[in-house]
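Open the structure in your viewer and get ready to select as you read. The tour takes a few stops.

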Amino acid sequence: QAPTPADADAPLRLIKGSAPRSAPSVPGKERDKAMVLKADRSTAELGKSVRAEGGVELRYGDTLLRTEALQMNETRTEVVAPGEVQIEHLGSHIQGRALRLELDAFLGELLAPTYRIAQTGGSGQAQRLDFLGEQRMRADAASYSSCPRVDEQGQPVAPDWELRTDRLELDLARNEGRAEGAVLRFMGVPLLAAPSFSFPLGDQRRSGWLPPHIGADNRSGFELAVPYYFNLADNADATLTPFVMTRRGFGADGEVRGLSPWGSGELQGSWLPHDRVRGDDRWALRLSGQAAPWPGLDLRWATERVSDDDYWKDLRRRIASPTPRLLSSDLQLAQRGGWGEALDWQAYARVQRWQVLQTTELGTQIVAPYQRDPQVGLRLSSRGELGLLAGFMPRQHRPRLEGGLELEFNRFSLPAAALASQSPEGERLHALAHLALPVLDPAWWLIPRLDLNAAAYRVKTPLADGRTRADRVVPTFSIDAGLAFERDTALFGRPMLQSLEPRLLFVNTPYRAQENLPNFDSAERDFNVESLYAINPFTGVDRVADARQLAFGAVSRWLSPQNGEELLRLGLVQRYQFRTQRLSPIPDSRRFSDMLLTGAAHLRDPWYLDGAVQFNPDNQRSVRSVLRARYNPGPYRTVSLAYRFQRDQSEQLDLAWQWPLAGRQGVSASGQSCQGRWYSAGRVQYSMRESRVTDSLLGLEYNSGCWVLRMGVERLSTGLSQANTRFLIQLELVGLSRLGANALKVLRDNVPGYRPLASDDGLPATP
Amino acid sequence: CGFAPRGAPRFEFERLALVGFPSSSPVRDALVRALSSLPMGVVAAPQSQVVLEVQREEHSKVAVASTAAGQVREWQLQLVMEYRVTTPGDELLLPLTQMRLTRDLTTTEAIALAKEREEAELRRAMVQDAVALLMRRLAALKPSR
Amino acid sequence: AQGDRTRPLAIENDGGGVFNAQTRRTEFSGKVLLTQGSLQMRANRLEAQQRDDGSVFVLAQGAPTEPVRFEQARDVPGERIAGQAERIEYDSAAETVRFVGGATVRRLRQGQVADEVTGAVIVYSSRAETFAVEGGQTAPQPGGRVRVIMMPRDAAGAPAGASGVPLQTTPALAPPATPR
């Protein structure tokens, strides 16, 4: 969980706490409390002692005693109850016999106690209990578990897990439980025996063991990892996770996190000193952070490096980067400011490098991207530039000249693992300028705009035409215009407000020769609404396509008049070329481009549909289409199916779900929102062209209320024919260890719509 | 066919409070810019008539297509927001609802720099969509009800 | 106080007393006030019986709405015992006072309630300074239970939850006003 930058006094929320326990009532000063004694019979020696028999009930401040016979010495408010006694104190229930308790200081002892601690939902019994003060008690030969000891019918039942100790000390003020000579049993099987063992009682961050997890995969064998959490300070913590892999040997993962008012930082590392399979050391290192030492300055860094090129095959889950074979090292510094009323400026510098995990198999090699080594720039922009709000123009807007300028120098280098065939390194100085005169009105808008893209290059190895220096300037003129109509209508019998928003974009860019110039950061945009209404089909700086074209299209929205929710949206966009482009990502001599149909619907509550189809009018066939359906009736209940088709390239079905399977819904003792319930989440990607499952991931989670079992099976391809099947299991005993790192974090990163169980605020899902 | 040019949106309140956004939130910055052209003041909660409380604003991306050799070929960019609207006195005007916007983005390693700019543009487009959806929700509110 | 036993016993009432020679018992009715040293009792009807050894047995009758009231100072300076019940029996020989029926007895310190005992029957021995409390239907507490409230030593004040009628004390022996 990345630390969120917090202000100075805010508590450091580094680890998500578990469900909030019932807060104990603040123990008032006992001394100024009256003592009320009820019984069948009583004899009192004035001001000295009181004896009571028969259904005795003694209330003193927050403490309530129930017993059959009671002797109380009034001078030191000491209570003696020989027989069975029940004590309720700060929400905890304690029962036993032969009580002696000095009520003011809350010191005393009780024999054969059984207890249930409200703060943790934990309960147990012991031979003897010593009260050591308002919030501290110590029990000899004690047991402790957060599992219920009585089933629904009230029959006593053995707890699923139990900690048996020679001595157990519970300190509710410091939220710490210490056990000596402890044996932990789960379903009767001894899991852990430790001479001394401490565990957190509340949710506050305490140093201690986190739930261990066990995993297995066919490349590393069985893996056992037991994390230990260090609560270093209010604003810093660390987690050390020693692990052992049957095939590869011993190692350790580590994480240190720090937070301060002006920034946060995180260091993650993994070290496998001697990998028996590969024979050498395997390590991974990730450093990330963000800092804002003074207003306007923003410093960010995120770097990740691993020891070897096969790291992604063997230890994939220890790579944090979403692209396992392309690891970025990125340092960004930006200073923001304003000049007078009308101008904002931003000076920035950046170094971006890559570690490419290259392979030897030809088909899977990576063409390495360029590195910014460094990048230095200055951006100026007029303040209050109003972006076009997706068909929602707020109000009459006086036409006002707006513009922007970007001056930037880049030295592009190639990472070490770049292929020999890749084009050379070089330097570029560029300027991107634009000037616009937007006229905006709720019913229409007209934005004439002039763009200028100037770039000067310097390369060491001469270009195709022998030059080592080159420059060019490409101007672009464009007019963006649109209208907005509305009418009241009905759809499927429901009153609707329908909007119709036609839009035109005329772009005129002269041809400028760029074929021989280096291309460091330009590429074809995907075919979508944003790219059709863009003035350049290339992204980046290095390529500006010549164009005299008109993009035209319309969007129609059906809105609910009551709450303004968009229930249905249909869109159509196409482009007409007045002359064929000489420089374009994909040469296309057709006058009319492919047509893009987009839509999104949320007509019936838990159903969401959206899609986009790129349709070729000439051969009446779709070039590319993405259709998605999602059924999301509530939190933890979502099933989404996506169909992605790319003509002659790929056709893929992607099923993702999170769904409770079985078991009862109810609130368990420890406040968890579900008891005895199976949850499943997962994702399966099926390639219809290769008719095989490419990647799949299944997570199962059983929450019995007092323990949570997490299991995960993951199948990741690691080569054209190889795959790595990975299995993971984690047992968590609620109340014995703070909710630790959820081993199924991989679900959160890979299942769209997955909601971790710990956060269960129910909410209706509508856009 | 009944279509008429759209009129300016009428908001039934002038003082709005924006609460709960993460410390650096593109949606809040875009919303403030959009509201600046309206007769609408963004004020602190106690002085406001309507409080837009955002409990979650998550910009994330999930790899939805990869090659057999661990190369990502397509991302699904996501903007998930959970928000509710109340009066300063915490009377519920719009229950907690979730907004989920997505954009697809193909990618290959060689053009990582170009795709980085395209991702930034698509995320700006999603933020504009989110602001438009929020503004429509606010325009439909009747706090004086 | 301890010395009350030896002090002269005086009984006043409106309607005068009827003396019965065989039983050596005199009966008083109307607003009766009995005083002996610091001890005071008020009742609607009262029977006093003189014994040979000079000690006396008093039986005072009240009614649920007009309980018999009892007061006596304690040896501890500033402390007094005050109680009420439907019927009070005072035996000066045994130095015991039996409160029977809806009995409530309070120990007052500087006029503030230090302890309060309620029950069906309370036997107060002023010599041993003890109370014995029995439950029963006539106890004011629900379920006929006994209740003992002990205020904290320093913070005196009305006992939590005590519902007793605030007691009126009459410093001088003026003719008794009708007890509220």
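How many residues does the contact take from chain B and from chain A? Select both chains of this predicted model. The contact takes 95 residues from chain A and 68 residues from chain B.

**Stop 1: the interface**

Show the surface. The size of an interface is often given as the accessible area lost when the parts come together. Here, chain A and chain B bury about 6400 Å² between them. Carbon and sulfur atoms carry 53% of that area.

Next, look for charged pairs. Twelve salt bridges are counted between chain B and chain A. Zoom in on A:E530 and B:R103: their side chains meet in a salt bridge, at 3.1 Å from N to O.

Now select the side of chain B that touches chain A. Several elements each supply at least two residues, including β1 (4-5), α1 (26-36) and α2 (112-139) of chain B. The largest share comes from α2(B), with 18 residues. Colour that side by class: it has 34 nonpolar, 15 polar and 19 charged residues.

**Stop 2: the disulfide**

Over all chains, the structure holds one disulfide. Select A:C147 and A:C706, whose sulfur atoms are 2.0 Å apart. The pair links distant parts of chain A, 559 residues apart. A:C147 is in the loop between β11 (143-144) and β12 (161-164). A:C706 is in the loop between β45 (692-703) and β46 (707-717). Look along the S-S bond: the link is right-handed, with 85 degrees about it.

Are these cysteines buried or exposed? A:C147 counts as buried because its relative accessibility is 3%. A:C706 counts as buried too, at 1%.

Key:
Residues numbered from 1 in each chain as written. Chains lettered and ligands numbered in written order. Predicted model: local features only at pLDDT ≥ 70, side-chain atom pairs only at ≥ 80, totals over all residues. Heavy atoms only, no water. Disulfide = S-S within 2.5 Å. Helix = DSSP H or I, 4+ residues; strand = E, 2+ residues; numbered from the N terminus. Buried < 20%, exposed > 50% of the residue type's maximum accessible area, 1.4 Å probe, protein only. Contact = heavy atoms within 4.5 Å. Buried area = accessible area lost by both parts, 1.4 Å probe. Salt bridge = Lys/Arg side-chain N within 4 Å of Asp/Glu carboxyl O. Nonpolar A, V, L, I, M, F, W, Y, C, P; charged D, E, K, R; others polar.
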